[in-house]
Amino acid sequence: MTTADTILALKDLKVHFPIHIGTVRAVESVSLEIRQGEVMGLVGESGCGKSTLGFSILRLLRTPGIIAAGEIVYHGRDIVQMGRRELLSLRGKRIGMIFQDPLTSLNPLFRVGDQFVETIRTHEKQVSRKRALERSESILARLGIAADRLYEYPHQMSGGMRQRIMIGMALVLNPDFLIADEPTTSLDVIVEAQFLDLLNELRAEFNLTILLISHNLGIVAQMADRITVMYGGRIVETGPAETVFADPLHPYTQGLLASIPNIKLDQPALHTMPGAPPDLVNPPGGCVFHPRCPRATDICRRSIPGLTDEKGRWTACWLHAPRD
Amino acid sequence: MKHSPSRKMAVLFARFAVMGKKYGVEWWILVVGAAIITGVVLMAVFSTAIAPFDPYDQNAGPQLSPPSRTHLMGTDNLQRDVFSRIVYGSRTILGVAVLAAILSSVVGITFGLISGFAGGFFDKILSLVMDSIYSFPGLILAIAFAAMLEPGILSITVAVAVIYIPTYFRLVRGQTLQIKEELYVEAARAIGASGRRILWQYIFPNVIATTVVVFTMNVGDAIMIEAALTYLGLGLPPSIVDWGMDLSMGRRFLPSGVWWLITFPGAMISILAIGFTMLGEGLAEILNPRLLEK
């Protein structure tokens with residue numbers, strides 16, 4: 001299903017964490033394609049493997065995490081097979097990343113400007129300090145931050161400003177792909193809205209493709225062109241944002257969407273999904289979602305459904321699979 | 001009048017008083033410690049100008065004469081001037097203690113950083129080695145090393161340094177383990193910083209501050225160890241002027257009422273050790289931001 005404008009393709013990716021009680025299968029057989037210029041929203045509850053997936057793209061898994069199998073193809077090159085040098089030149093320069101917590105993502109001991117210079121010169125050693133600062137200034141200006149902030153320390157700035165600094169640092173090297181891992185989790189709603197607007201503007205300006213990882217469906221709905229829903233380390237559904245929101249195919253997606261409180265409806269109680277996320281060391285046999293699925297049948301307990309095409313949308317559910 | 005020394009002194013004291021109000025008694029502990037150290041350092045630097053006699057001069061005065069105007073601290077059994085020997089001896093003890101602390105901090109910090117950062121088998125082995133060194137009483141270990149090495153400034157420095165390496169190692173390793181999990185280190189990886197760059201640009205500056213206090217305390221301790229070693233006749237050849245050695249030589253004459261041969265070297269060792277301990281203690285309290293909240 002690879003198309004010409006695919007910028008990043010995950011092929012049957014497996015990320016495992018061998019620990020003393022067994023192997024945590026954090027990401028299991030995930031195949032996904034992200035097209036040039038789109039925002040791909042990756043949603044799921046805590047512990048479903050979405051952040052791990054994001055980190056594995058830059059091979060930044062924490063020990064003992066390993067990519068057990070699969071390919072991560074970026075512009076035709078497999079990141080899994082890359083050597084150390086190529087990998088270091090990929091990180092930051094080609095693929096940028098921003099993190100959950102801007103409050104601790106900056107080195108507290110150095111001025112912001114020095115951190116910009118450091119970022120630039122990590123990749124472009126011939127650039128002078130002066131030139132690097134000029135570039136940082138111009139990108140900060142674009143983010144609505146005064147140039148003299150470069151000479152301040154991170155603790156002198158607010159959370160929203162630090163998050164803008166982070167995105168500035170991610171963009172100063174002009175990457176074409178940005179991984180945003182829960183970028184607004186620690187911001188309040190007003191700053192969050194401003195940040196998302198900014199991200200949307202930058203996306204067009206910098207010709208960015210974004211993988212937006214979030215548990216917040218509202219953010220994803222606002223930003224994403226397509227959505228991928230993960231559950232228990234697997235993709236359960238992927239498709240264009242509007243159709244997934246309007247007509248979810250997988251019972252998990254349906255449950256997730258039903259759990260969003262709607263201010264317009266007079267709901268007596270919040271809809272919740274019974275049960276807890278699966279144990280990823282010993283996942284349930286068959287479909288990982290079957291213990292919590294209201295529509296589980298016999299086959300769901302016995303075998304794992306593959307992703308099937310439903311008019312440009314893909315879902316892993318026996319309800320939609322062709323039976324044979 | 002504006003630039004007179006007395007006015008400058010007054011300004012300096014006013015500043016000190018402000019700091020004293022801010023930090024309380026800890027500030028004065030620090031100031032006294034620093035003053036003692038400054039005094040001894042000046043003594044070491046300007047030995048030639050301060051000492052009235054050559055410390056080796058065996059004809060400086062009568063044998064075993066008590067403190068007098070010409071011999072401020074008396075003379076020893078070899079007719080040498082004790083005051084001059086004290087002045088010159090400051091060079092040895094200060095040099096050895098400071099060098100030992102520098103040596104042990106450089107080695108301990110480097111290994112601590114690498115061990116904490118790399119982890120795995122290397123870290124396990126190194127931690128085991130360091131813990132076994134740490135489990136020995138410091139002086140015993142220093143005696144063992146001093147006995148193994150040829151007497152000399154360098155070997156006594158090494159013998160003293162060895163016992164402090166684990167202190168730095170454990171401190172820095174622990175800090176490194178903590179800081180390498182910080183998000184800004186993760187962020188540094190995400191911008192493509194290499195492991196070495198992360199270690200020296202991101203982890204090292206965040207770790208180094210905690211070692212400052214340990215360093216000054218160690219110098220204080222190293223002074224005691226150095227004096228103890230030379231008192232026992234280990235580590236230095238007799239041709240070097242040293243407080244510990246003078247103390248041990250003077251001990252033999254105490255029964256015959258010669259008190260000045262052990263009092264002055266002994267007092268100097270104690271005062272210098274206390275000076276460094278006070279500086280370290282004062283720094284520890286003042287650099288601790290939690291204390292400012294009260």
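Me: What percentage of the residues in chain A is buried?

Reply: Buried residues make up 42% of the 324 residues in chain A. A residue is called buried if 20 or more other C-beta atoms lie within 10 Å of its own, exposed if 12 or fewer, and partly exposed in between, with C-beta atoms placed from the backbone. One note on reading this: it is a predicted model, where local features need pLDDT of at least 70, side-chain atom pairs count only at pLDDT 80 or more, and totals for chains, interfaces and linings use all residues. Residues are numbered from 1 along each chain as its sequence is written, while chains are lettered from A and ligands numbered from 1 in the order in which they are written.

Me: Why is chain A called as compact as a globular protein of its length?

Reply: Chain A has 10 helices and 12 strands; these are DSSP runs numbered from the N terminus, H or I of at least four residues for helices and E of at least two for strands. Its radius of gyration is 21 Å, close to the 20 Å from the globule rule for 324 residues, so chain A is as compact as a globular protein of that length. The radius is taken over C-alpha atoms, and the rule is 2.2 Å times the number of residues to the power 0.38.

Me: What makes strand 8 of chain A mostly covered?

Reply: In strand 8 (residues 209-214) of chain A, 6 of its 6 residues are buried. Thr209(A), Leu211(A) and Ile213(A) lie on one side and Ile210(A), Leu212(A) and Ser214(A) on the other, so by the cut-off for buried residues both faces are covered.

Me: How do you know that strand 8 of chain A pairs with strand 3 and strand 7 of chain A?

Reply: Pairing takes at least two DSSP bridges between two strands. Strand 3 (residues 39-43) of chain A is parallel to strand 8 over 5 bridges, with Met40(A) partnering Leu211(A). Strand 7 (residues 177-181) of chain A is also parallel to strand 8, over 5 bridges, and there Asp181(A) partners Ile213(A).

Me: Which residues count as the contact between chain A and chain B?

Reply: Two residues are in contact if their C-beta atoms, placed from the backbone, lie within 7 Å. By that test, 20 residues of chain A are in contact with 16 residues of chain B. Helix 3 (112-123) of chain A gives the most to this side of chain A, with 4 residues.
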